[in-house]
Amino acid sequence: MAQEDVFKKVVSHCKEYGFVFPSSEIYDGLAAVYDYGQNGVELKNNIKQYWWQSMVLLHENIVGIDSAIFMHPTIWKASGHVDAFNDPLIDNRDSKKRYRADVLIEDQMAKYDEKIDKEVQKARKRFGESFDEALFRETNPRVLEHKQKRDALHERFAKAMNDNDLAELRQIIIDEEIVCPISGTRNWTEVRQFNLMFKTEMGSTADAASTIYLRPETAQGIFVNYLNVQKTGHMKIPFGIAQIGKAFRNEIVARQFIFRMREFEQMEMQFFIKPGTELDWFAKWKTWRMAWHQNLGFGAENYRFHDHDKLAHYANAATDIEFNMPFGFKEVEGIHSRTNFDLSQHEKYSGKSIKYFDPELNESYTPYVIETSIGVDRMFLSVICHSYCEEKLEGGETRVVLRLPAALAPVKLAVMPLVKKNGLPEKAQEIINDLRFHFNCQYDEKDSIGKRYRRQDAIGTPYCVTVDFQSLEDDTVTLRWRDSMEQKRVKISELQGIIEDNVTITSLLKKLK
Ligand code: GAP
């Protein structure tokens, strides 16, 4: 199936099975805002738990906080967000549509890559077994021509972005003859900077000080609390503070479902360290975070690091962990060595000393910070895209199954009476009443057993139990495993032991190296 089709199917599957709904749907929706349904919220909570416990339970020197979304407006001045948290936007005068100038240019670069890929595919068909892709890419004149154009564009684009040269960004769009996808014209306005923060008013006074922002990242809540946590928790450097919470960005181009949203959730951890040790810690966190992702079993080939060429002025190293989504490798997490930029800025703007006293060195300093920052929604998207599977069964039937890691699945066990009478529903309820304290169970008595299995496959339930007449006699049931569809007869008293070991977040954490 083409990757584009997979993505469309995932989006409609998410809606049909209670994972993700467009927000305010009965009012025709609100762009780039989504609600999580009954299964979505469970999957999302499991992802959050996996992250939280891997940080806070498995690291003695990491603790969590939950800071407010509203913060003093000067925080965003100090952090640089008021002046520099911008995207370059451009309007098409004919369609009246607004675009990110950098995204238009990036899409243009992707078009050159697509042209190269097409040449490679054509040649592979032509040469068959004997095709040497590397040699073809190095020598084919058409490939080389596309590559030369792409590289020249990349260089020009990177320079314009680095120099913050908006006129040059526009010129690139003109020179590359990029057209508006809606109107098909090149009638572009100037490029302007657009601040991504949402503003609102606090209290009833009308002065400027009452303007506050919805936080665009959770990290600043950690920075401004770091000394509170350090002192009250008697933390010694190196130590980390983790937080999960909502963030808001007025994205100009919001697209690809829950990939780029205006309201989303982040899981961020700031690790406070001694200046000079940051590159060692950066390397360690890169390894640890990649291991966390790969522990889900989706295959190492589906992840890659993308080291940043262009560093923010406060960072001295930065990388993204990218996942192979149906629309290409895309950033899911950022790992940044942020120096002491944020803490120093907060010292400057607040006028308060927030230095750390190091008892071993007997001196005070402003710690450096390694940040790991991952979007819950993007993680959710990567998990669901990778797990979605359409399978041909013997007999020609197709089943849709979500091969979710069992520890992330919304429902762990479905209990089904074979028929809705003769004491079977009561027996099924008895099993659920016992097991519901250990993991999420669902009772299902509607439709044929086959249909019930399909429904559970479609939401990724790893185990199904069928209660039949034999169950009433010998306290055994049929246990079915989602992926192999294998069934076996087991004692009811053994169910908890068999299932629990495979479906808890603890089981996933234990596999982490
Ligand atoms: N504190 C650092 C920070 O916020 P970022 O790269 O801007 O860094 C971190 O964001 C992560 O947050 C991204 O890797 C992504 O997973 C998620 N994220 C950012 N913007 C998002 C959006 N508009 N919608 C969904 N997730 C987003």
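Trainee: Is Cys-464 buried or exposed?
Mentor: Cys-464 is buried, with a relative accessible area of 0%. Keep in mind that this is a predicted model.

Trainee: And how many disulfides are there?
Mentor: The count is zero disulfides. Cys-441 is in no disulfide, and the nearest cysteine sulfur to Cys-441 is that of Cys-464, 11 Å away.

Trainee: What about Cys-441, buried or exposed?
Mentor: Cys-441 counts as buried, at 13% relative accessibility.

Trainee: Switching to sheets. What is the strand order in the five-stranded one?
Mentor: The order is E20-E19-E21-E22-E23, in an open sheet with mixed pairing. E20 and strand E23 (487–491) are the edge strands; each has a single partner strand, so one side of each has no neighbour in the sheet. On average, neighbouring strands here are turned by 30° against each other, direction ignored.

Trainee: How do E19 and E20 pair?
Mentor: They are parallel, with three bridges between E20 and strand E19, which covers residues 413–417. As for a residue pair, Ala-414 is opposite Gln-442 in E20.

Trainee: Which strands are at the edges of the seven-stranded sheet?
Mentor: That sheet is open too, ordered E3-E9-E10-E16-E13-E12-E11, and its pairing is mixed. Its edges are strand E3 (62–64) and strand E11 (303–307); each has a single partner strand, so one side of each lacks a neighbour in the sheet. The twist averages 25° from one strand to the next.

Trainee: What joins E11 to E12?
Mentor: Five bridges, with E11 and strand E12 (residues 317–325) running antiparallel. His-306 faces Asp-320 in E12.

Trainee: What is phi at Glu-177?
Mentor: Near 55°, a positive value in a residue other than glycine. Glu-177 is in the loop between helix H8 (166–175) and strand E6 (192–195). With 51% relative accessibility, Glu-177 counts as exposed, and the cut-off for exposed is over 50%.

Trainee: And Asp-447, what is phi there?
Mentor: Phi of Asp-447 is near 70°, again positive in a residue other than glycine. The loop holding Asp-447 runs between strand E20 (441–443) and helix H15 (449–459). Asp-447 is partly exposed, with a relative accessible area of 34%.

Trainee: Last topic, the surface. Which residues make a nonpolar patch?
Mentor: Leu-418, Phe-469 and Leu-472 make a nonpolar surface patch of about 250 Å².

Trainee: Where is Leu-472, and how accessible is Leu-472?
Mentor: Leu-472 is in helix H16, residues 469–474. Leu-472 counts as partly exposed, at 40% relative accessibility.

Definitions and conventions:
Residues numbered from 1 in each chain as written. Predicted model: local features only at pLDDT ≥ 70, side-chain atom pairs only at ≥ 80, totals over all residues. Heavy atoms only, no water. Disulfide = S-S within 2.5 Å. Buried < 20%, exposed > 50% of the residue type's maximum accessible area, 1.4 Å probe, protein only. Patch = residues over 30% accessible without salt bridge, like charges linked within 9 Å, V, L, I, M, F, W, Y side chains within 5 Å. Areas by Shrake-Rupley, 256 points an atom, 1.4 Å probe, with all protein chains shown as cover. Salt bridge = Lys/Arg side-chain N within 4 Å of Asp/Glu carboxyl O. Helix = DSSP H or I, 4+ residues; strand = E, 2+ residues; numbered from the N terminus. Pairing = 2+ DSSP bridges. Axes fitted to C-alpha atoms, helices over the stretch in contact; angles between N-to-C directions.
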